[in-house]
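Dear colleague,

I am passing on the structure we spoke about, together with some notes to read beside it. Please keep it open while you go through them.

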Amino acid sequence: MATKVKARSNLIPYLVLIIYVVSNYSGAVWLEVPSTGTKCVSEDIKQNVVVIADFSVVNDDSNPQTSYNIAARVTSPFGNNLYHQENVTHGQFAFTTTEAGNYLACFWVDESHKATTGVSVSLDWRTGIAAKDWETVARKEKIEGVELELRKLEGAIDAIHQNLIYLKSREADMREVSEITNGRVAWKKKLI
């Protein structure tokens, strides 16, 4: 009996860590878009990952009637346009990545509504398990409470496992390049 209690108490730090990772898996950021120029954010995302993002112009409290329109563009690592809108105050885009690499979201103040100061934009960018609509899953499968939280944790664990496999393959590729480079440097030293 004491062994079971001790084994369960050893799991608590891991569960706390997993809950912390899941709760910090996504979040909104505020960008200060300059009146002239562009503000971009990027994220390195692997292939076949769902990405969902919402953005909106945040109005200045001192002058709530002033609303500036912005333009937004999202591009893939190879420069393909995934989303492009102009003359908007808010928007949403969603896509599934087709190639691994840096996905870039850029915002700028629309030409017709030039601001004298920067414009604040709220961006809520979610990827992978954080982009999953858990409310729909709960309704569809008629689950709630602890069972739903366990399902979320299971999804987070699977995402972490997939990420570790991806990082392991990247590390193996980098190690191979490093060993080849090391061999070439050693060979060149022998010639000199």
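**What was found**

Arginine 151 is found in helix H3 (residues 146-191), where helices (H or I, at least four residues) and strands (E, at least two) are DSSP runs numbered from the N terminus. This is a predicted model, in which local features need pLDDT of at least 70 and side-chain atom pairs count only at pLDDT 80 or more, while totals for chains, interfaces and linings use all residues. Residues are numbered from 1 along each chain as its sequence is written, and side-chain values use heavy atoms, with hydrogens and water left out.

Arginine 151 counts as partly exposed because its relative accessibility is 26%, which lies between buried (under 20% relative accessible area) and exposed (over 50%), using a 1.4 Å probe and protein chains only. Its C-alpha atom is separated by 9.4 Å from that of alanine 138, 13 residues apart along the chain.

Turning to the strands, 4 of them form an open antiparallel sheet in the order S2-S7-S4-S5, where two strands pair if DSSP finds at least two bridges between them. The edge strands, each pairing on one side only, are S2 (38-45) and S5 (81-88). S2 is joined to S7 (residues 101-109) by 8 bridges, and cysteine 40 stands opposite cysteine 106 in S7.

Leaving aside neighbours within four places in sequence, phenylalanine 93 is in contact with residues including Val51, Phe55 and Trp125, contact being heavy atoms within 4.5 Å.
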